[in-house]
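Hi there,

Here is the structure I promised to pass on to you. Have a look at it first, and then read my notes below.

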Amino acid sequence: MATCPICRRLPADAKYKPFCSKRCADVDLQRWFAGSYAVPGPADDAPSRDDEEG
Ligand SMILES: [Zn+2]
């Protein structure tokens, strides 16, 4: 059986899979948001090719 990725306990409520509880689900969600906000996200329209092979 898979364990909670946050606290490594066995999930007690299937409603919050793969987490054991709403608390851990919220923790993961906040980490996800924090990560997405922290990542600067480089624009894909910057034509810089300094690293060509050769
Ligand atoms: Zn947990």
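**Salt bridge**

A search of the whole structure, which is a predicted model, turns up one salt bridge. The partners are Asp26 and Lys22, and their closest N and O atoms are 3.1 Å apart. Both residues belong to helix 1, where they sit four residues apart, about one turn of the helix. How open are the two partners to the surroundings? Asp26 has a relative accessible area of 31%, so this residue is partly exposed. Lys22 has 46% and is therefore partly exposed as well.

**Zinc site**

The zinc ion has four protein donors, namely the SG atoms of Cys4, Cys7, Cys20 and Cys24, lying 2.3 Å from the ion. Along the chain, these donors follow the spacing C-x2-C-x12-C-x3-C. One pair among them, Cys7 and Cys20, links distant parts of the chain: the two are 13 residues apart, and each lies in the segment before helix 1.

Which geometry do the four donor atoms around the zinc ion make? The angles they subtend run from 101 to 118 degrees, and because four donors count as tetrahedral when all angles lie between 85 and 135 degrees, the arrangement is tetrahedral. For reference when you set up a metal model, the ideal angle for four tetrahedral donors is 109.5 degrees.

Cys20 has a relative accessibility of 13%, and because buried means under 20%, Cys20 counts as buried. Cys7, at 30%, counts as partly exposed.

**Backbone details before the helix**

A few backbone points may be of interest if you check torsions. Lys17 and Pro18 are joined by a cis peptide bond, with omega at about 0 degrees. Pro18 is located in the segment before helix 1.

Arg8 is another residue to look at: its phi is near 65 degrees, which is a positive value in a residue other than glycine. Arg8 also lies in the segment before helix 1. With a relative accessibility of 62%, Arg8 counts as exposed.

Leu10 has its place in the segment before helix 1 too. The C-alpha atoms of Leu10 and Cys20 are separated by 6.3 Å, while the two residues are 10 apart along the chain. Leu10 has a relative accessible area of 53%, so this residue is exposed.

Now to the aromatic side chains. The structure holds one aromatic pair. How are the rings of Trp32 and Phe33 arranged? Their centres are 5.4 Å apart and their planes stand at 80 degrees; planes over 60 degrees apart count as edge-to-face, so that is the label for this pair.

Phe33 is part of helix 1, which covers residues 22-38. At a relative accessible area of 37%, Phe33 is partly exposed, whereas Trp32, at 57%, counts as exposed.

**In short**

To recap, there is one salt bridge in the whole structure, a tetrahedral arrangement of four donor atoms around the zinc ion, a cis peptide bond between Lys17 and Pro18, and an edge-to-face pair of Trp32 and Phe33. Please keep in mind that this is a predicted model.

Definitions and conventions. Residues are numbered from 1 along each chain as its sequence is written. This is a predicted model: local features need pLDDT of at least 70, side-chain atom pairs count only at pLDDT 80 or more; totals for chains, interfaces and linings use all residues. Side-chain values use heavy atoms; hydrogens and water are left out. Buried means under 20% relative accessible area, exposed over 50%, partly exposed in between (1.4 Å probe, protein chains only). Donors are N, O and S atoms within 2.8 Å of the metal (3.2 Å for Na, K and Ca); water is not among the atoms, so sites may look incomplete. Four donors count as tetrahedral if all angles lie between 85 and 135 degrees; four count as square planar and six as octahedral if opposite donors are over 155 degrees apart and all others between 65 and 115; anything else is irregular. A salt bridge is a side-chain nitrogen of Lys or Arg within 4 Å of a carboxyl oxygen of Asp or Glu. Rings of Phe, Tyr and Trp (its six-membered ring) pair if their centres lie within 6.5 Å; planes under 30 degrees apart count as stacked, over 60 as edge-to-face and the rest as tilted.
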